[in-house]
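Here is a friendly briefing to read with the model open beside you. Please take a look at the sequence and the fold before going on.

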Amino acid sequence: MTWIDAIEHWRSLSPAEQRRRSLANLPRKVARSMAFEGEPVDQQMLEAELDRLLRSSAISTPRSEP
């Protein structure tokens, strides 16, 4: 898959799926960034915190448009 194919695929996804995938990637990105800075964190802990925030509605979800 070329980068152009990847972009077209991303654009073909629904906004809800794009948001879900973006949020799902956050713990991995944060863990890798922190490890690079020499301050590693547990990726599973970050995933659990994201799940907790999503369940408590601490992260707002966009309203569907009519």
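This is a predicted model: local features need pLDDT of at least 70, side-chain atom pairs count only at pLDDT 80 or more; totals for chains, interfaces and linings use all residues.

The chain has 3 helices and 0 strands, so the order of elements from the N terminus is α-α-α by the DSSP runs used to assign them. Buried residues account for 9% of the 66 residues.

**Confidence and surface**

- Helix H1 has the highest mean pLDDT among the elements, at 96, while helix H3, covering residues 43-55, has the lowest, at 90.

**Where H1 meets H2**

- Two packed helices are described by the angle between their axes and the distance between the axes.
- For H1 and helix H2 (residues 15-36), the angle is about 115° and the axes are 8 Å apart.
- On the H1 side, the contact is made by His 9, Trp 10 and Arg 11; on the H2 side, Gln 18, Arg 21 and Ser 22 take part.
- Sorted by class, this contact of H1 with H2 has 1 nonpolar, 3 polar and 2 charged residues.

**A closer look at Trp 10**

- Trp 10 sits in helix H1, which spans residues 3-12.
- Leaving aside residues up to four places away in sequence, Trp 10 touches Gln 18, Arg 21 and Ser 22.
- Trp 10 and Arg 21 are 11 residues apart along the chain, and their C-alpha atoms are separated by 10.0 Å.
- Is Trp 10 buried, partly exposed or exposed? Trp 10 counts as partly exposed because its relative accessibility is 34%, which falls between the 20% limit for buried and the 50% limit for exposed.

- The structure holds 3 salt bridges.
- One of them joins the side chains of Arg 20 and Glu 17, with an N to O distance of 2.7 Å.
- Arg 20 and Glu 17 are 3 residues apart in helix H2, so about one helical turn separates them.
- Glu 17 also forms a salt bridge with Arg 21, where the closest N and O atoms are 2.7 Å apart.
- Glu 17 and Arg 21 are 4 residues apart in helix H2, so this pair too is separated by about one helical turn.
- Each of these side chains belongs to a partly exposed residue: the relative accessible area is 22% for Glu 17, 47% for Arg 20 and 30% for Arg 21.
- Arg 21 is also one of the H2 residues in the contact with H1.

- Glu 49 forms a salt bridge with Arg 52, and the closest N and O atoms are 2.5 Å apart.
- Both Glu 49 and Arg 52 lie in helix H3, 3 residues apart, or about one turn of the helix.
- Glu 49 is partly exposed, with a relative accessible area of 31%, and Arg 52 counts as partly exposed at 40% relative accessibility.

Methods:
Residues are numbered from 1 along each chain as its sequence is written. Side-chain values use heavy atoms; hydrogens and water are left out. Helices (H or I, at least four residues) and strands (E, at least two) are DSSP runs, numbered from the N terminus. Buried means under 20% relative accessible area, exposed over 50%, partly exposed in between (1.4 Å probe, protein chains only). Contact means heavy atoms within 4.5 Å. pLDDT is the predictor's confidence in each residue, from 0 to 100. Axes are lines fitted to C-alpha atoms, for helices over the stretch in contact, and angles run from 0 to 180 degrees between N-to-C directions. Ala, Val, Leu, Ile, Met, Phe, Trp, Tyr, Cys and Pro count as nonpolar, Asp, Glu, Lys and Arg as charged, and the others, Gly among them, as polar. A salt bridge is a side-chain nitrogen of Lys or Arg within 4 Å of a carboxyl oxygen of Asp or Glu.
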